[in-house]
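Trainee: I have a model open and would like to learn how to read it. Can we go feature by feature?
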Amino acid sequence: MSISNYSELQTAVANWLHRDDLSARVPEFIAMGEAVLNRKLRTVDMEARATASMPTDSRYMGLPAGFLEMQSMYVQDPIQEMVYVEASVLRDYVDTETATGMPHLFTIKDEIELNCIPDQAYTLEMHYSKRYDIASDSTNWLLTNYPELYLHASLSAAALFVNDDARIGTIKALLSEGIEEVNTQEARKRGAQLAYMRVDAALTESGSFNIATGY
């Protein structure tokens with residue numbers, strides 16, 4: 001059978017379990033398996049963008065929906081890149097809890113913390129990695145292109161639940177192999193493994209070259 005959406009994934013996991021008494025647990029196994037995928041995968045499809053207005057009465061603001069990790073943040077007008085620093089470093093740049101201005105530093109805990117209270121509602125653009133949520137979205141790029149990853153991740157969680165030592169090693173190996181393959185392919189998309197040929201500047205400045213004469 002095809003596995004193209006959340007409903008079909010639940011059916012597939014139940015079929016592979018060969019256990020009628022675990023049907024009610026299938027959504028739980030899928031959620032646990034997806035949590036592993038969200039921790040270990042970083043696909044282009046997970047990259048998201050969100051905008052929000054900075055508060056004018058606090059140094060703290062909420063994270064975007066489905067947040068996993070921040071890639072970059074910019075103030076839109078005037079254009080300014082926000083610089084990430086560790087929480088302990090940010091404290092050194094906070095003069096007082098009531099100081100206002102245009103924030104330029106931030107850190108992340110369970111929310112975004114700015115180095116000062118914004119003196120106006122600047123528009124913030126955030127580029128971040130967003131978690132997969134198959135139960136809410138019904139389908140996504142990963143399920144469409146790699147349904148076996150969702151299946152193996154879910155079955156791995158199920159094997160832990162039923163203490164199926166005989167299968168868990170094989171399932172985890174298949175899952176790890178699949179995750180590595182996807183991450184490698186996604187890295188290629190970003191150009192991480194591309195090699196570029198560079199032309200020596202001296203050759204470009206020397207004019208034409210005759211291969212017969214050597215000049």
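Mentor: Start with strand pairing. Two strands pair if DSSP finds at least two bridges between them. Keep in mind that this is a predicted model.

Trainee: In which sense do E1 and E9 pair, and over how many bridges?

Mentor: Strand E1, residues 47-53, pairs with strand E9, residues 123-130, in the antiparallel sense. The pairing has 7 bridges.

Trainee: How many bridges join E3 to E9?

Mentor: Strand E3, residues 67-75, is joined to E9 by 7 bridges, and the two run antiparallel. Here Met 70 has Tyr 128 of E9 as its bridge partner.

Trainee: How do I describe two packed helices?

Mentor: Two packed helices are described by the angle between their axes and the distance between the axes. Helix H1 (residues 6-17) packs on helix H2 (residues 26-40) at about 105°, and their axes are 10 Å apart. Angles of 65 to 115 degrees count as roughly perpendicular, so H1 is roughly perpendicular to H2.

Trainee: Which residues make the contact?

Mentor: From H1, Tyr 6, Leu 9, Gln 10, Val 13, Ala 14 and Leu 17; from H2, Val 26, Pro 27, Phe 29 and Ile 30. By type, 9 are nonpolar, 1 is polar and none is charged.

Trainee: And the loop between H1 and H2?

Mentor: Look at His 18, which lies in that loop. Its phi is near 55°, a positive value in a residue other than glycine. His 18 counts as exposed because its relative accessibility is 69%, and exposed means over 50%.

Trainee: Is Ala 159 buried or exposed?

Mentor: Buried means under 20% relative accessible area. Ala 159 is at 4%, so it counts as buried. This residue belongs to helix H6, residues 147-161. Beyond neighbours within four places in sequence, Ala 159 contacts Asp 164, Ile 168 and Ile 171.

Trainee: Where should I be careful?

Mentor: Where pLDDT is low, the predicted coordinates should not be read in detail. The chain has a mean pLDDT of 88, and 88% of its residues reach 70 or more. Over residues 193-215, however, pLDDT is below 50. That stretch has 8 contacts in the model beyond near neighbours in sequence.

Notes
Residues numbered from 1 in each chain as written. Predicted model: local features only at pLDDT ≥ 70, side-chain atom pairs only at ≥ 80, totals over all residues. Heavy atoms only, no water. pLDDT = per-residue confidence, 0-100. Contact = heavy atoms within 4.5 Å. Helix = DSSP H or I, 4+ residues; strand = E, 2+ residues; numbered from the N terminus. Axes fitted to C-alpha atoms, helices over the stretch in contact; angles between N-to-C directions. Parallel < 35°, antiparallel > 145°, perpendicular 65-115°, else oblique. Nonpolar A, V, L, I, M, F, W, Y, C, P; charged D, E, K, R; others polar. Buried < 20%, exposed > 50% of the residue type's maximum accessible area, 1.4 Å probe, protein only.
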